[in-house]
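Please look over the sequence and the 3D structure below. The paragraphs after it go through the parts one at a time.

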Amino acid sequence: MFYKIIQKRKIFLTISGVIILISLVAWIIWGLKLGIDFTGGTIMEIRYPSVKIDNNQLIIDQLNDLKLENLTVQLAGYDGAIMRFKDINEETHQKILTALNKIGAVEEISFQSMGPMIGRELTNKARWSVILATLCILFYVAWSFRKLSKVIKQGESWRYGFGAILALAHDIIVMIGFYALMGHFRHVEFNSLAITAILTVLGYSVNDTIVIYDRIRENILTRGGRNLEEVINLSINETITRSFGTTPITIFAILAVALFGGASTRDFAFAMAIGVTTGAWSSVSIAASFLLFNRKGLK
Amino acid sequence: MSQSNKNWTLFIVIVLITIFCLLVDIPRVPSWVPFSRWFTKQKIHLGLDLQGGTQLIYQTDTSNIPDDQRSAAVEGARDVIERRVNFFGVSEPLIHTAKAANEWKIVVELPGIKNVKDAIKMIGETPILEFREQGAPKQLTSQEKKDRENYNKKAEQRANDILKKALRPDADFAALAKQYSEDDGSKAQGGDLGWFGKDAMIQEFEKAAFALKKGETSKQLVETSFGYHIIKKIDERKTVDGKEEIMASHILIKTQSLEIDLSDPQSQWQYTGLTGKQLKSAQMTFGGDTNEPEVSLEFNEEGTRLFSEITQRNVGKPVAIFLDGVPISVPTVRETITGGKAVISGDFNIKEAKELSQRLSAGALPVAIQLVSQQNIGPSLGRLSVNKSFVAGVIGLLVVMIFMIVFYGFYGVIASIALLIYALINMAIYKLLPVTLTLSAIAGFIISLGMAVDANVLIFERIKDEKRAGKFGETVINDGFRHAWTAIRDSNATTLITCAILYYFGSGLVRGFGLTLGLGVLTSLFTAITVSRNLLKLFNK
């Protein structure tokens, strides 16, 4: 039994379009809440084993004299706090610890301070790795599907390369939209972990697209591409059990990380779960649909 | 050999590999096992985020060093820092250099250190020693020139934006100056420069300022060698002897000169390659006609050779000894010195000479460094993360195995065994390579689990197809694998490409993730193609 899937591509494209639109709007309106690894700055997490901290003013008052720029203090549990401010040197760091010790014996759980230079470098690196990875994938797919160029027509394999890239762009935009929304509503930061999540989804999304493309390639080579729509639909149907097998399993493995990891790992895992889902979705809604873009069948 | 025998041979190989990995993985191997000591010695390398510790990132300043010698100079700095840190008694410090674009960084990782303050102070106090010779003043490279031009263009834009604000009728000039001006001398006073007459200021500035009416702000930016000025004339008066004087404020946005600043001592002196890197020892001595305290330096072999070459080509000419970027002594070379010894005679008192010789003895840096990033992780947070990640890994694996068995029955059991072997092999690789395990590296491993499952699922789906097509026996398995292979190959290849890029371009966290994910993909290819197939062939009825 075959489901008519690719025939409904207009509906899928509309849904994808709406999701992309929401992501872009969220990105444009709220932007990303960049972490200190991009902007430079300091994050300091402390704990008071013996004092109850129920008001962040207590800490702010102690730090007042040090005139830390852009200071925010966020309470964590009843005994801890996370402070953010501009990047500082070691001397100021020690002064902060001395000041905090006036409230009670303080335990420094983590301290991270970096200049804006590192952030610029990270931004550059992230940009280049996404561009480079995308190009490599484009060329690899075009090369790997080169048989189709011989059988069907010159340059056919590039359509597959670009289809994979479009699906990828879809997924990256959804991820960025996710971080923009989460940044606005839940103060989730866009940091190097977020970059890692996006890059992984990039690999995973192509993975999924290629499984479907691989079937299409095989079916075209054995049955010919006269009725492309039917061949594509057949291929999606043949791979759909695999998609329904792999995607939830991967998401469950990721959710295991989410449940047991710390706060930052949890955001990361959540983003990955979203990415894996949209990766599976875009393989059909974008990548497979694109093969039919502006044509009905092949001669 | 028959096909069946081949299968059994492969099976035995797989079992042996599994046993080997298992022995590497378990923390304590019983002593009756051969080589148990070696197996027990293999340790998991935990990153700072898991075991607690400090990471310091230093930016190096290599602008005065020729391109081809930068790498060596930074490596030299790395060695000096390592010597210092070892001297401090930190267990297993990890110090490495990292290059990005044209900038070199030194990353210092100190596991489990408590007194970070002292470590930073100690590294920061490392003197920078260089020997330099005279040469043609350095020219800006075209890249440097372009960078500076870009900077100036941006400065002009910024200055124009501020000018617009300053020209609004309700503008508060002093507040703008306080906020934006880059003139440290007048910024705090709201840009106020006080009273001044003619010839007190740079010409362009004076012309523009005197042309203004009282209370007026310049309509255009005034450009001088300092940068862009926005000038406001506050008041004017005549002095007793009839000279004009005005009171003015300004906002300065600095620009960078496109010429080398000749007054900077760094620019006249050329890099020779002889630095603190080649220093063997330093001690205080007394010398000269008046028995002044001096610091005597002794070079190592390389330094001795370099020093004799430098003195040979500079006989009759001065050679400068730079300490922390400042020429502290510029002796004139009288003859070639081959003994590998040099003397710094500055205006030292005994205490200074003694301190300097001690600092130099502990190691002197060939390049200037600056702390740009610091990260401390308390040990309690680290421990918590290790336990959590371990539990997460085990649960992830179990969840996947249960799913596979529920979905695919017998095939699921085979896949689960393959996955277990996969996990064991990966663990062993982490220990043997070694791979430093951080939170993100563990995340990479767990994602690769998903990929490993995918390969198995693809194969099983294909086998089902082949069965449906009416095939049976080993042909089903062989054809199933063959048909699944192109998809597995292409999907894993793209993931590997991404991993390679992450590993190559990423730093720290991202890099670890790319490494474990990439290793996981490679291992999963082995377990899915070789292990699963072998087990299926042997045990499938």
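Predicted model: local features only at pLDDT ≥ 70, side-chain atom pairs only at ≥ 80, totals over all residues.

**Two chains and where they meet**

In strand 16 of chain B, the residue paired by a bridge with Ser110(A) is Ile377(B).

The bridges are one part of the meeting of the chains. How many residues of chain B are in contact with chain A? There are 54 of them, and they touch 52 residues of chain A. On the chain B side, several elements supply at least two residues each, including strand 2 (53–61), helix 5 (116–124) and strand 16 (368–377). Helix 12 (379–408), helix 14 (439–468), helix 15 (474–505) and helix 16 (509–539) of chain B also supply at least two residues each. Helix 12 of chain B gives the most, with 13 residues. Sorted by class, the residues of chain B that touch chain A are 30 nonpolar, 19 polar and 5 charged.

A helix pair shows how the two chains touch in another place. Helix 8 of chain A, residues 192–223, packs with helix 15 of chain B at an angle of about 160 degrees, and their axes are 8 Å apart. Angles over 145 degrees count as roughly antiparallel, so helix 8 of chain A is roughly antiparallel to helix 15 of chain B. The crossing of helix 8 of chain A and helix 15 of chain B is right-handed. From helix 8 of chain A, the contact takes in Leu199(A), Leu202(A), Gly203(A), Val206(A), Asn207(A), Ile210(A), Val211(A) and Asp214(A). From helix 15 of chain B come Thr486(B), Ala487(B), Asp490(B), Ser491(B), Thr494(B), Thr495(B), Thr498(B) and Leu502(B). By class, this contact has 7 nonpolar, 7 polar and 2 charged residues.

**Inside chain A**

Chain A holds 10 helices and 4 strands. Along the sequence they follow the pattern α-α-β-α-β-β-α-β-α-α-α-α-α-α. Chain A has 299 residues, and 48% of them count as buried. Consider the contacts in chain A between residues at least 6 apart in sequence: 77% of these join residues at least 24 apart.

One helix pair lies within chain A. Helix 1, residues 9–30, packs with helix 7, residues 156–186, at an angle of about 45 degrees, with their axes 8 Å apart. How are helix 1 and helix 7 of chain A placed to each other? At that angle, helix 1 of chain A and helix 7 of chain A are therefore oblique to each other. Their crossing is left-handed. Among the residues of helix 1 of chain A that make the contact are Ser16(A), Ile19(A), Trp27(A) and Trp30(A). The residues from helix 7 of chain A include His170(A), Ile173(A), Gly177(A) and His184(A). The contact of helix 1 with helix 7 in chain A has 12 nonpolar, 6 polar and no charged residues.

**Two sheets in chain B**

Chain B contains an open sheet of 4 strands in the order 10-5-13-14, with antiparallel pairing. Its edge strands are strand 10 (269–275) and strand 14 (326–329), each of which pairs on one side only. From one strand to the next, the twist averages 45 degrees. Within this sheet, 5 bridges join strand 5 (residues 129–134) to strand 13 (residues 319–323) of chain B. Leu129(B) stands opposite Leu323(B) of strand 13. Helix 10 of chain B, residues 301–313, packs on this sheet and touches strand 5, strand 10 and strand 13. The direction of helix 10 makes about 150 degrees with that of strand 10 of chain B.

Another open sheet in chain B has 3 strands in the order 11-12-15, again with antiparallel pairing. Strand 11 (279–287) and strand 15 (341–344) of chain B are its edge strands. Neighbouring strands here are turned by 25 degrees against each other on average, direction ignored. Strand 11 is joined to strand 12 (residues 292–299) of chain B by 8 bridges, and Gln283(B) stands opposite Ser296(B) in strand 12. Helix 11 of chain B, residues 350–361, packs on this sheet, touching strand 11 and strand 12. The direction of helix 11 makes about 165 degrees with that of strand 11 of chain B.

Definitions and conventions:
Residues numbered from 1 in each chain as written. Chains lettered and ligands numbered in written order. Contact = placed C-beta atoms within 7 Å. Nonpolar A, V, L, I, M, F, W, Y, C, P; charged D, E, K, R; others polar. Pairing = 2+ DSSP bridges. Axes fitted to C-alpha atoms, helices over the stretch in contact; angles between N-to-C directions. Parallel < 35°, antiparallel > 145°, perpendicular 65-115°, else oblique. Left-handed = near helix turned anticlockwise from the far one by under 90°. Buried ≥ 20, exposed ≤ 12 C-beta atoms within 10 Å, placed from the backbone.
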